[in-house]
Amino acid sequence: MILSLRRYGFAALMAFGATLLLWGLRDVLTTANFSLVYLLVVLVVAVYYGTAPSLFTALISFLSFNFFLVKPLYTFFVADPRDVLDLVIYLACAALTGQLASYARNQRRDAEQRANELNILYEAAAAFNQLTDSESVYRTLDHILHERLSVLHTEVLPPISLLDTDGQNRLNLPLSIGAHRYGILRITFTRPPTSALTRLASICTSQAATVLQRIELAHHIQESESLKEADRLKTALLHAVSHDLRTPLTIIKTSASNLSRLDSTLPPPDRLDMLHAIESEADHLNKMVGNLLDISRLQAGALQINGALNSLEEVAGDVAARTWQVTGTERIVINFPPDMTLVYFDYGLVLQALSNLVENGLRYEPSDSRLTIAGKIIGHEAQVAIVNHGPSIPAAERDLIMEPFYHSAGGNTGLGLAIAKGIIEAHQGRLWVEDTPSGGATFIFSLPLTNMDTE
Amino acid sequence: MDDEPQIRKLLQTGLEGYGYQVVTTGDGQSALVAVAQQQPDVIILDIALGSSPDGLEVCRRLRTWSKTPIIMLSVRNDEKTKVNALNAGADDYMTKPFGMEELQARIQAILRRSVVTDQTTPTAEICIKGIVIDLANRRVTLEGEEVHFTPKEYDLLCLLAKHPGTVITHGTLLNKVWGAGYEGMEHYVRVFVNQIRRKLKENPARDIRYIISEPGIGYRFVEPE
C-alpha cells in the first residue's frame with residue numbers, strides 16, 4: 001500500500017519537475033517540444049512503475065501542460081484551437097505509450113521471474129540428486145525454502161496430522177508420491193504467499209518427495225542384498241551345525257550314557273577318561289558356538305568396535321599366557337620393540353583375532369620349535385606377524401583358507417581365520433599370509449596408525 | 001541363585017563338594033529374602049533371572065544394605081555386561097560356561113580379600129610371590145633385588161597390589177594415580193602398565209604375570225601360580 005502510494009508520489013513529482021523545467025523555458029520552446037518532454041516522463045514512469053502510475057502521470061501532465069504552458073497561461077482555457085488538438089493528441093499518445101511501456105515491463109519481469117524460478121528448481125534438483133538419506137532431504141528442502149523463497153520457517157509433520165489452517169502466511173504441502181505420503185510440510189512465510197511462490201514451493205516439495213522415494217527404494221534393494229547374503233550364510237551355518245557340532249555332542253552323549261549305565265563296572269581310569277572327554281568336548285562345543293555367533297555377527301556387519309589406544313604387546317601376552325594355561329608348555333616367543341606405540345583398536349576383538357591366528361599357527365608348529373609373535377611399526381601401520389615353522393601354504397590356498405567354512409585337510413570348521421580376517425578388516429586393517437623364510441606360514445595383520453589422531 | 005533349576009543343582013553339588021554350605025533360590029525376590037535371613041559369606045548371582053527383579057537389580061538392591069561379596073554369572077561375554085555388573089556393585093563376574101575349579105578359586109580369592117579388608121590396621125609391606133613392596137619407604141624388590149620405579153609407576157603398582165584379585169577400572173586408576181582431569185586418557189595407564197610389567201620381568205609365555213588386563217574394563221593384580 002505504502003509502496004504504491006510512493007510510486008504515485010514519484011510519478012507526480014516527475015510530472016511537476018518537468019512542468020517547472022518547461023515553464024522556465026516556455027519562451028524558447030514550442031508546444032511540440034513540451035509534449036515530447038512530457039511523453040518521455042510518462043514513458044519513464046511506465047517502465048519503472050507500471051500502467052496505473054503512468055496513466056496518472058499522463059493525466060497530471062496533461063492538466064499542468066494545459067494550465068502552465070498553453071496560452072492563456074494559468075487557466076484551463078485554451079485560446080488556440082490548434083493547441084486543443086495538440087493537447088488531445090498528447091493525452092492519447094501518453095496513454096498509449098504508457099500502456100505499451102508498462103506491458104513490456106511486465107513481460108520482462110515475468111521472464112525474469114520465470115528464469116529465476118527455473119534456476120531455483122534446477123538448483124534444487126541438483127542438490128537433491130546427491131542425497132542418500134532422508135534426513136538430509138528434509139535439511140536441503142528447508143535450506144532451499146529459506147534461502148531462495150525467503151520462507152520464515154518449515155516443519156515436517158507426520159503424514160496423518162490434524163492441520164489447523166490458521167494464518168494466511170501458512171501453507172501445508174503433502175510430501176507424497178502417488179498414494180504414499182511421507183509427511184506434510186508446513187511452511188510459514190513472512191507474508192501471504194503469491195501464487196507463483198506457492199507453485200514453486202509445491203514443486204520443490206514434490207521433488208523432495210521423489211528423492212525420498214528414491215532413497216527408500218535404494219534401501220529396499222540394499223536390504224534384499226544383505227538378506228540374500230544372510231541366507232547364503234544360514235545355509236553354510238546349517239551345514240556346519242549338522243556336521244561339526246554333532247561330533248562333540250555325540251562324544252558327550254555316549255560318554256555320559258556309558259557312565260550312567262556302566263558306572264560300577266568301568267575301571268576307574270576309563271571312567272576318568274570319559275569324564276575328561278565330556279569336559280573337553282563341552283569346551284570345544286562352547287567354542288564352536290561362540291565362533292558361529294561371531295561369524296554371523298561379522299557377516300551381518302553388526303560388529304561394534306569399542307576402540308581405544310591399546311598395546312598389541314599386551315594382547316600378545318594374553319594369548320601366550322592362555323596358551324600356557326591350556327598346554328602347560330612354553331610354545332610362544334613374544335618379540336616386540338620396547339618403544340612400540342599404542343594402536344587404536346578394540347582390545348577384546350583383536351585378542352580374539354590373535355588367539356585364532358595363534359591357535360591356527362600352533363596346530364602346525366612342530367613340537368620342538370616355538371611360534372613367534374612379532375610386532376613392528378612400518379610406515380603408517382602397526383604389523384603383527386605370527387610365524388610358524390610347519391608346512392608352507394600353497395599360494396592358491398592362501399586366500400581360500402580365510403573364507404568362512406573352508407574345510408582344510410585337517411577337517412577343522414575353518415571359522416577361526418575367517419573371524420580373524422573379519423575383525424582385522426573391521427578395523428580397516430589387512431590380514432595376509434607369507435612363507436616363513438625357513439619354511440612354514442607367516443600370518444601378518446596390520447592395523448592403521450592414522451586413527452590415533454582422531455582420538 | 002540362578003533361574004535354571006539344573007544349573008542351580010549342579011552348582012550346589014559342585015560347591016558342596018568343595019565344602020561350602022549352599023543355599024539356592026530361583027528368583028530375585030526370594031534371593032533378597034534369603035540373603036537377609038541366611039547372612040551368607042558370598043553371593044553368586046545370575047544376571048538374567050528371567051523375571052523381575054533381574055540379577056543387576058537384585059545386586060543394586062543388595063548393595064543398599066549388604067556388603068557381602070557378589071559374583072555375577074552371565075552367558076554374555078561382552079564388556080558392557082561386565083561393566084554393568086561391576087557398576088551395579090558386583091565384586092567379580094564369570095562367563096558361562098565355566099569350570100567349577102575356577103569358580104572355587106574366585107570364591108576363595110574374594111573371601112581372602114574380605115578378610116584382608118576387615119583388618120583395619122594398615123600393613124607396612126605387601127608381599128606377593130617374589131615382590132615386596134615397602135610402603136613406608138616406597139621401595140620395591142623383586143627376588144631380593146631392588147627395582148626402580150618412577151613415582152607414577154610406583155603409585156599404579158601399589159594401587160593394584162593393594163587390591164589383589166579385584167578389577168580396578170581404567171577410570172579409577174587414572175583418577176587415583178594421575179588425579180582429576182585425565183578422563184579419556186586411558187592409554188597413559190596402558191603405557192605405564194607396560195613399563196611396570198617389563199620391570200617385574202613378566203613372562204606371559206609361561207604365564208608369569210602380575211597384572212592382568214580385563215579388556216575394556218581395567219586391570220587386576222594377581223599372584224602367579
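This is a predicted model: local features need pLDDT of at least 70, side-chain atom pairs count only at pLDDT 80 or more; totals for chains, interfaces and linings use all residues.
Just after helix α10 of chain A, A:Gln428 takes a positive phi of about 65°.

Nine of the eleven residues of α10(A) are buried, so the helix is largely enclosed by the rest of the structure. The buried residues are A:Gly416, A:Leu417, A:Ala418, A:Ile419, A:Ala420, A:Lys421, A:Gly422, A:Ile423 and A:Ile424. They pack against α7, α9, β9 (430–435) and β10 of chain A.

The pairing with α9(A) can be followed residue by residue. The axes of α9(A) and α10(A) come within 8 Å and cross at roughly 145°, and the crossing is left-handed. From α9(A), the contact is made by A:Leu349, A:Val350, A:Gln352, A:Ala353, A:Asn356, A:Leu357, A:Glu359 and A:Asn360. From α10(A), A:Gly416, A:Leu417, A:Ile419, A:Ala420, A:Ile423 and A:Ile424 take part. Sorted by class, the residues of this contact are nine nonpolar, four polar and one charged.

The largest nonpolar core has 42 residues, of which A:Val315, A:Val350, A:Ala353, A:Leu354, A:Val358, A:Ile386 and A:Ala420 touch the most other members. At least two residues each come from α7 (268–299), α8 (312–327), β6 (343–345), α9 (347–363), β7 (371–378), β8 (381–387), α10 (416–426) and β10 (441–448) of chain A. With eight residues, α9(A) gives the most to this core. Leaving aside neighbours within four places in sequence, A:Val315 is in contact with A:Tyr347, A:Val350, A:Leu351 and A:Leu354. Apart from this core lies another, of 39 residues, which includes B:Leu156, B:Ile168, B:Val177 and B:Phe192.

The two chains touch each other through 23 residues from chain A and 15 residues from chain B. On the chain B side, helix α8 (residues 186–199) gives the most, with five residues. That side of chain B has five nonpolar, four polar and six charged residues.

Strand β4 (residues 125–128) and strand β5 (residues 131–134) of chain B run antiparallel and are joined by four bridges. Here B:Ile126 stands opposite B:Ile133. Two residues lie between these strands, and B:Lys129 in this hairpin takes a positive phi near 35°. β5(B) also pairs in the antiparallel sense with strand β6 (residues 139–142) of chain B, over four bridges. The bridge partner of B:Asp134 in β6(B) is B:Arg139. This second hairpin has four residues between its strands, and B:Arg138 in the turn has a positive phi of about 50°.

In chain A, the peptide bond from A:Lys71 to A:Pro72 is cis, with omega near -5°; A:Pro72 lies in the loop between α3 (51–69) and α4 (81–129). In chain B, the peptide bond from B:Lys96 to B:Pro97 is cis, with omega near -5°, and B:Pro97 is found in the loop between β3 (92–95) and α5 (100–118).

B:Gln39, a residue other than glycine, has phi near 50° and is found in the loop between α2 (28–38) and β1 (43–46). B:Gln39 counts as exposed because it has 9 C-beta neighbours inside 10 Å. B:Asp207 has a positive phi of about 55° although it is not a glycine, and lies in the loop between α8 and β9 (211–214) of chain B. With 18 other C-beta atoms within 10 Å, B:Asp207 is partly exposed.

How values were computed:
Residues are numbered from 1 along each chain as its sequence is written. Chains are lettered from A and ligands numbered from 1 in the order in which they are written. A nonpolar core is a set of buried Ala, Val, Leu, Ile, Met, Phe, Trp, Tyr and Cys residues joined through C-beta atoms within 7 Å. A residue is buried if 20 or more other C-beta atoms lie within 10 Å of its own, exposed if 12 or fewer, and partly exposed in between; C-beta atoms are placed from the backbone. Two residues are in contact if their C-beta atoms, placed from the backbone, lie within 7 Å. Ala, Val, Leu, Ile, Met, Phe, Trp, Tyr, Cys and Pro count as nonpolar, Asp, Glu, Lys and Arg as charged, and the others, Gly among them, as polar. Axes are lines fitted to C-alpha atoms, for helices over the stretch in contact, and angles run from 0 to 180 degrees between N-to-C directions. A crossing is left-handed if the near helix is turned anticlockwise from the far one by less than a right angle, and right-handed if clockwise. Two strands pair if DSSP finds at least two bridges between them.
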